Amino acid sequence: MKIQVSQMRYPILILLLLFFSVTRAQVKPDSIVLKPIHEIPHIFNPDTALRITNFSPFFSLHVDSSLNYRFLINKDQKKYHWFIKDAPPGFKIDKDNGTLSFRTTKSLFLSGRLKYDREYPVKFGIQSFSNPADRLDTTLNVIFYSTDVVYPKIKPSVVSPVTINEGDRLSFNVLCENGNFPIEKILMSSDISIGNFKLPKTCDDNFEWIPGYDFVTEKDAKGERIVNLEFIGTTNFNFADTARVKVVVKDGLNYDIATKEYNDALSLMKIWILRYKYTFYQLDKKIKKTKGWRSGFDITTASTTLTGTVLATTADKEDTKKQNTGKILPSIGVVAMPVKEAAAPQKTTEQNQATLLRVNIKRLDYMMTETQLLGDRDPLIREKTETLKKELRQSQDQLREVPTEMSERFSEKQLNEYFDNPRVQKKYRFR
């Protein structure tokens with residue numbers, strides 16, 4: 001029995017060896033062809049939410065570098081399109097493959113459109129072509145840095161030198177051009193001690209100064225004084241930059257005092273004009289009274305002469321009495337002439353004085369009109385004040401012989417009404 005079993009085992013082993021040898025000969029390593037991974041079809045789950053698989057929330061870029069970063073999603077990208085909104089200058093995204101790109105140019109930083117060490121948000125997203133609700137919006141931040149050494153600078157908003165007058169306000173901003181590190185504080189110094197000023201302490205602060213009317217002295221040449229201001233800005237690393245502003249302060253006019261002097265001169269002129277008008281009124285009354293007396297004498301003399309002529313021509317030859325009376329009456333007019341000159345002499349001096357007064361009053365009124373102030377700060381206020389004083393002195397010299405006094409009975413309105421009366425104007429009309 002044992003011999004039979006062993007004889008049956010060998011054929012079975014031989015068959016198994018033949019089978020394995022044939023199978024190994026048919027399967028070779030180079031007969032398996034592996035496809036690239038991008039050609040292997042992915043199995044997407046439609047219930048999975050849309051997301052970016054390689055999203056990076058922050059990018060730090062050197063000013064001389066560029067950015068090209070492709071975003072990937074967990075779905076078929078051919079069915080979606082990319083978009084970007086409210087992005088900083090220079091950022092773009094490819095709508096088909098989602099590549100975010102940026103190429104820096106220093107002109108963007110020199111023009112101020114982009115700045116160093118400042119985070120800029122970049123808003124972008126992706127949306128399905130077929131389903132608008134299948135959409136994703138996100139934001140990443142970008143910051144630019146520079147390895148160049150940029151020194152900060154102080155830049156006043158005025159161009160030196162600056163010229164002002166005493167009493168005027170000098171005001172300008174002290175600006176800063178920050179470099180790698182910003183300016184933390186600002187100090188100011190001047191070569192001349194000044195007061196009444198506002199000190200700038202940080203960038204963009206305002207400097208204000210009002211020089212007093214006694215700032216420029218008589219010793220200063222050309223009536224002006226020069227002040228050199230220095231603004232020193234420092235960083236937290238004690239780096240300092242200095243800007244200088246030259247201020248030329250000219251001798252100014254104190255309008256408060258000048259206006260008071262002008263008003264005083266104007267008031268004094270008005271007082272003298274009223275005096276002149278009252279004197280004119282007195283002279284005109286005397287002239288009018290004398291003229292009335294002389295007119296009365298002339299009428300009486302003319303009546304007597306006419307009566308004598310009538311009696312002499314109408315008397316009969318036999319009426320000797322009438323004839324003699326007619327001869328005597330005309331001679332009465334001749335006799336009355338000395339009496340008229342003695343009782344009511346002509347007021348030639350008063351007439352000339354009244355005419356001179358009227359001329360001066362008219363001239364002073366005209367000068368008051370011509371020297372009126374043009375606003376609260378008339379630049380010619382000094383010249384106008386001197387003109388008023390000069391015209392008043394000239395009138396006083398011309399009317400030195402005319403006795404003037406103030407009226408206590410007449411008001412200013414009454415004197416003006418009398419002086420401007422049409423009858424008086426006709427009587428003293430300028431010829």
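**Reading a predicted model: disulfide, burial and confidence**

Colleague: Why does Cys203 count as partly exposed?

Modeller: In this predicted model, Cys203 has a relative accessibility of 23%. Buried means under 20% and exposed over 50%, with partly exposed in between, so Cys203 counts as partly exposed.

Colleague: What makes Cys176 and Cys203 a disulfide?

Modeller: The S to S distance between Cys176 and Cys203 is 1.9 Å. The cut-off is a pair of cysteine sulfur atoms within 2.5 Å, and therefore the pair is a disulfide. The structure holds one disulfide.

Colleague: Why is the disulfide of Cys176 and Cys203 called left-handed?

Modeller: The torsion about its S-S bond is about -95 degrees, so the disulfide is left-handed.

Colleague: Which parts of the chain does the pair link?

Modeller: The pair links distant parts, 27 residues apart. Cys176 lies in strand S10 (residues 170-177), whereas Cys203 lies in the loop between strand S12 (197-198) and strand S13 (205-209).

Colleague: Why is Ser395 called buried?

Modeller: Ser395 has a relative accessible area of 0%. Buried means under 20%, so Ser395 is buried. This residue is found in helix H6 (residues 381-398). Not counting residues up to four places away in sequence, Ser395 touches Tyr276, Asn360, Arg363 and Leu364.

Colleague: What is the mean pLDDT of the protein, and where is the pLDDT below 50?

Modeller: The mean pLDDT is 75, and 68% of the residues reach 70 or more. Where pLDDT is low, the predicted coordinates should not be read in detail.

Definitions and conventions:
Residues numbered from 1 in each chain as written. Predicted model: local features only at pLDDT ≥ 70, side-chain atom pairs only at ≥ 80, totals over all residues. Heavy atoms only, no water. Helix = DSSP H or I, 4+ residues; strand = E, 2+ residues; numbered from the N terminus. Buried < 20%, exposed > 50% of the residue type's maximum accessible area, 1.4 Å probe, protein only. Contact = heavy atoms within 4.5 Å. pLDDT = per-residue confidence, 0-100.
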